Amino acid sequence: MNYKKILQKYRKDRTRLIEILKELQSREGYISEKAILSVADELGLSRAEVEGVISFYHFLSARPLGKYVVYLNNSITAEMAGREKVALAWERETGCRFGQTSEDGLVTLLETSCIGMNDQEPAAIINGVVFTSLNPDKVKKLVGWMREGRAVEDMVEETGDGANGHELVRSMVRNNIRKTGPVVFGEYVPGQAIRKALETTPECIIDEVKKANLLGRGGAGFPTGLKWEFCRKEKGEQHFVICNADEGEPGTFKDRVILTERPEMVFEGMAIAGYAVGARLGILYLRHEYTYLRRYLEHVLQKMREQGWLGPNIAGRGFDFDIEIKMGAGAYVCGEESALIESAEGKRGEPRDRPPFPVQKGYLNLPSTVNNVETLATATQIIIHGANWFRSMGTPVSAGTKLLSVSGDCERPGIYEVEYGLTVKELLEMVGARDTLAVQVGGPSGNCISEAGFGRKICFSDLPTGGSIIIFNRSRDLFSVVRNFLDFFIEESCGWCVPCRAGNVLLKKKFEKIASGLGTVQDLKEIEAWGKIIKSMSRCGLGQTSPNPVLTTLASFRELYESRVNKEADFIPEFDLNQAVAEACAITGRKFQEEQDHA
Amino acid sequence: MSKPVIATASLAGCFGCHMSFLDIDERILDLIELVEFDKSPIDDIKKFSRPVDIGLIEGGCCNAENVEVLRYFRKNCKILVSVGECAVMGGLPAMRNTIPLKECLEEAYLNSPTVAPEDRLIPADEDIPVLLDRVYPCHEIVKIDYFLPGCPPSADLIWEALTALVQGRPLRLEYELVKYD
């Protein structure tokens with residue numbers, strides 16, 4: 001393969017490294033050693049730097065893969081929806097195990113973290129195409145088609161609702177919009193907001209957003225107006241607007257639906273943010289899992305340019321702003337804004353030290369505002385309808401509405417646009433949940449609450465959430481939920497901070513010890529103490545929240561843990577000497593007899 | 001009143017923690033005023049001769065003998081302390097934990113370029129302790145009361161911890177004692 005020729009069009013642009021690697025992988029099926037060396041040479045990087053980027057992301061591979069690469073999601077709702085049977089069906093039909101490629105080189109089976117399809121699990125991504133609601137029969141059919149050499153696009157029999165059926169999407173993904181609200185799914189005429197914004201000054205826009213008390217919808221809840229103001233005030237030869245479309249928190253899929261049904265509202269929000277902070281370029285950082293939306297989003301952008309809502313001299317007001325899409329490559333931690341920026345620059349998505357904050361030194365070390373998809377869409381509506389309209393909804397602290405992506409044990413999983421201040425109990429009734437044991441608010445990094453907390457409100461001052469709501473009924477074993485979440489954080493830790501990299505593994509081991517009935521009161525104390533250390537000694541949100549599955553279930557369901565620990569024993573080892581020497585005995589042909597009385 | 005009694009052992013370690021212990025230099029004169037030693041490589045006493053107050057364990061457990069010694073210490077010591085990274089976490093020896101035992105042995109005794117063809121044999125003599133499937137930190141095998149991190153923990157840290165235990169006072173953990181960069 002002539003790598004030089006392929007690489008030419010990237011003009012030695014290091015920020016496009018991930019894009020380059022993705023192209024090479026799509027051409028060769030993997031990123032070969034020769035490709036790595038060529039890329040390193042072309043971009044003036046070391047081989048290790050290129051390999052470091054490849055090894056960081058789930059969807060980049062330096063080892064050959066099959067013609068069809070199946071990434072089966074392993075989130076908890078997939079497990080609840082029968083993932084195990086589906087996984088076994090894949091292994092049976094292809095004759096290979098997960099982590100392997102079939103002997104004929106046709107199929108590779110891999111696992112991946114939440115792909116944003118929690119309401120239609122078990123789901124998988126095959127060569128970039130999403131397949132939802134899988135069962136063993138469907139798996140059999142898919143593998144049959146693979147043997148025939150059918151293109152994955154042609155394996156989609158029925159497309160989903162709304163724009164999922166658009167000719168540029170053609171995806172079986174369903175929106176499942178169960179409740180629309182007045183903001184994101186409210187009345188909206190594209191183009192209105194940007195025209196209105198350009199009639200006033202950037203300062204007025206910032207004021208209006210501040211007055212509306214718009215808080216970041218990704219979960220952290222930072223005031224958007226303030227962020228824009230900080231960014232605007234920073235000096236820099238260029239400013240950037242970045243839209244964070246990397247919703248990776250298990251159970252979150254609301255940005256997927258917004259981007260499918262309301263992309264103009266998001267892009268307009270980016271243009272308004274651009275006008276407010278003084279940026280000419282916006283970047284939509286789209287998670288790899290949503291690659292199937294890319295062509296459609298490019299098409300929407302092109303249409304908006306043609307309408308004069310993007311591009312040079314927008315609405316004849318002398319404001320230039322355009323948007324480009326940058327793709328992720330599979331990494332939960334890239335939802336953290338500084339990690340996202342690193343990734344957008346073509347590097348490993350490792351969080352940066354803060355300060356300096358992205359508004360000071362963001363993309364290419366220039367002032368950047370990073371906002372969530374829903375936040376930007378909401379800003380568009382605030383500009384059209386005004387701050388007072390917005391504040392008339394929700395609570396005094398948490399104004400407006402929130403998109404919740406509900407999954408798990410309920411009759412109507414999907415998207416709900418609700419006003420802040422809704423109680424968990426009201427939500428459970430709305431979604432048709434019965435016999436509920438626990439509700440996971442805000443995903444694994446959030447809070448697991450029991451019935452005692454069902455009167456609590458979904459809002460920033462009580463139960464904040466980026467949108468993820470997962471419901472577990474009384475037939476579920478909470479320990480398997482915690483186990484799934486802990487595995488998730490172990491997998492997704494970037495590895496920079498030792499307390500997060502090693503601590504989460506130790507936490508899981510301790511948890512398993514307790515779960516297996518070998519724990520003591522001391523173990524319970526330690527698991528709590530260790531959780532606090534991990535939280536306080538990690539530098540980004542991942543490590544700072546990763547012990548939450550244990551800590552919040554301990555708070556809400558302490559009796560569950562206490563029923564498993566031995567209250568009398570001071571110490572119970574998991575260690576079994578006879579078991580531990582068995583392997584060595586087998587290798588050396590020796591017999592082992594434990595000495596009963598030493599010396 | 002008799003002096004507190006101390007015992008030490010080096011399991012799967014490098015004796016570095018014991019060397020670090022000896023780095024207390026002239027304080028060793030204070031030490032013998034303060035405590036008595038029982039089973040320890042320092043005085044070469046092989047068996048416990050009386051109940052021991054404080055046992056210091058260097059190294060994790062890589063073979064059955066380590067486990068037996070550790071259990072023997074637990075039985076005979078009121079307080080047991082994991083001293084150093086290997087005892088606390090398995091340390092350097094635990095690097096083998098990611099490689100199957102069979103591969104480790106084959107690499108060391110069969111495939112290594114420094115093994116002469118006629119010597120290619122995985123040792124199986126009955127006198128050699130049987131290896132464990134992986135290297136374990138001490139607290140996974142017996143209850144450990146205190147942990148002194150470091151590779152090795154500095155002489156000052158060992159001294160401070162030991163004297164605090166003996167005198168029954170809280171540990172004064174100066175930053176300098178527990179920083180490693």
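Two residues are in contact if their C-beta atoms, placed from the backbone, lie within 7 Å. By that criterion, 20 residues of domain 3 of chain A are in contact with 23 residues of domain 4 of chain A. The model is predicted.

**Domains**
- Chain A is assigned domain 1 (3-56), domain 2 (68-157), domain 3 (179-391) and domain 4 (401-476).
- The centres of domain 3 and domain 4 of chain A, taken over C-alpha atoms, are separated by 26 Å.
- On the side of domain 3 of chain A that touches domain 4 of chain A, there are eight nonpolar, seven polar and five charged residues.

**Five-strand sheet**
- Five strands of chain A form an open sheet in the order β8-β9-β7-β6-β10, and the pairing is mixed.
- The edges are β8 (311-314) and β10 (368-372) of chain A; each has a single partner strand, so one side of each lacks a neighbour in the sheet.
- From one strand to the next, the twist averages 25 degrees.
- Two bridges join β8(A) to strand β9 (residues 319-327) of chain A, and this pairing is antiparallel.
- A:G311 has A:F321 in β9(A) as its bridge partner.
- Helix α15(A) packs on the sheet, where α15(A) touches β6 (240-245) and β10 of chain A.
- The direction of α15(A) makes about 95 degrees with that of β10(A).

**Helix pair α12 and α15**
- Two packed helices are described by the angle between their axes and the distance between the axes.
- For helix α12 (residues 263-277) and helix α15 (residues 373-385) of chain A, the axes come within 7 Å and cross at roughly 75 degrees.
- Angles of 65 to 115 degrees count as roughly perpendicular, and α12(A) and α15(A) are therefore roughly perpendicular to each other.
- α12(A) contributes A:M265, A:V266, A:E268, A:G269, A:M270, A:I272 and A:A273 to the contact.
- These meet A:V373, A:L376, A:A377, A:A379, A:T380 and A:I383 in α15(A).
- By class, the contact of α12(A) with α15(A) has 10 nonpolar, two polar and one charged residues.

**Residue A:V70**
- A:V70 lies in strand β1 (residues 68-73) of chain A.
- A residue is buried if 20 or more other C-beta atoms lie within 10 Å of its own; A:V70 has 25 C-beta neighbours inside 10 Å and so counts as buried.
- Not counting residues up to four places away in sequence, A:V70 touches A:W90, A:V107, A:T108, A:L109, A:L110, A:A124 and A:I126.
- A:R97 is 27 residues from A:V70 in sequence, and their C-alpha atoms are 12 Å apart in space.

Terms used:
Residues numbered from 1 in each chain as written. Chains lettered and ligands numbered in written order. Predicted model: local features only at pLDDT ≥ 70, side-chain atom pairs only at ≥ 80, totals over all residues. Helix = DSSP H or I, 4+ residues; strand = E, 2+ residues; numbered from the N terminus. Buried ≥ 20, exposed ≤ 12 C-beta atoms within 10 Å, placed from the backbone. Axes fitted to C-alpha atoms, helices over the stretch in contact; angles between N-to-C directions. Parallel < 35°, antiparallel > 145°, perpendicular 65-115°, else oblique. Nonpolar A, V, L, I, M, F, W, Y, C, P; charged D, E, K, R; others polar. Pairing = 2+ DSSP bridges. Domains from an automatic or database assignment.
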